Amino acid sequence: MSDFERPAADWRGTTILAVRKGGKVVVVGDGQVSVGNTVMKHGARKVRTLAGGSVLTGFAGATADAFTLFERLEGKLERFPNQLLRACVELAKDWRTDRYLRRLEAMLICADKEGTYVLTGTGDVLEPDHAVAAIGSGGGYALAAARALYDQDLDAETIARKAMAIAADICVYTNGNLTIEQLASVE
């Protein structure tokens with residue numbers, strides 16, 4: 001079976017990383033999209049801002065599914081302005097209970113000036129213990145690198161860039177074509 005005949009589950013490739021340090025929060029994503037062992041796109045944009053730029057989001061998984069989740073999260077943020085955690089919890093409830101949403105194959109990292117959250121299709125809204133979070137095929141590598149770099153005299157963006165470079169060197173589904181969004185945070 002060729003790469004193009006494989007089921008959608010074989011479409012892979014994303015590393016999303018969030019780093020919170022020194023009054024800033026950064027969400028960065030790589031640009032690679034792969035089908036099996038074929039790179040289909042080098043410059044995909046998997047990181048977005050929502051709520052007028054006050055919320056940073058990044059996705060791993062199926063693109064159409066992620067856009068559906070972005071739209072739903074945007075609606076929750078309109079309903080609960082300046083309450084990212086509440087919006088995430090409400091989205092996770094819908095995601096777990098709605099028959100259509102349950103089939104979506106994606107994960108999200110969401111961050112605002114106060115918190116960072118990882119949302120999954122199993123209804124989880126996870127707030128990491130540390131000031132970094134990562135998802136996707138290279139997420140483990142980026143997370144480990146960011147945590148190792150965190151205690152050095154580096155700002156959030158520098159940590160994110162260095163950690164993503166390490167992940168791109170290790171994970172064949174991650175590249176160095178980065179999209180970076182940042183905002184001021186409350187420490």
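## Around E181

Setting aside neighbours within four places in sequence, E181 is in contact (heavy atoms within 4.5 Å) with V25, V26, V27, R45, V47, T49 and L56. One of these partners, R45, also makes a polar contact with E181, side chain to side chain, at 3.0 Å. Here a polar contact is a pair of N or O atoms within 3.5 Å; within protein, one must be able to donate a hydrogen and the other to accept it, and residues adjacent in sequence count only if both atoms are side-chain atoms.

E181 lies in strand β12, residues 179–184. With a relative accessible area of 18%, E181 is buried (under 20%, using a 1.4 Å probe and protein chains only).

## About the model

This is a predicted model, where local features need pLDDT of at least 70, side-chain atom pairs count only at pLDDT 80 or more, and totals for chains, interfaces and linings use all residues. Residues are numbered from 1 along each chain as its sequence is written, and side-chain values use heavy atoms, leaving out hydrogens and water.

Helices (H or I, at least four residues) and strands (E, at least two) are DSSP runs, numbered from the N terminus.

## The open sheet

Now to a sheet: 5 strands form an open, antiparallel arrangement in the order β6-β7-β8-β9-β10. Strands β6 (47–50) and β10 (125–126) are at the edges with a single partner strand each, so one side of each has no neighbour in the sheet. Pairing requires at least two DSSP bridges between strands; β8 (residues 106–111) and β9 (residues 116–119) pair over 4 bridges. Within this pair, I109 stands opposite V118.

Note on methods: Buried means under 20% relative accessible area, exposed over 50%, partly exposed in between (1.4 Å probe, protein chains only).
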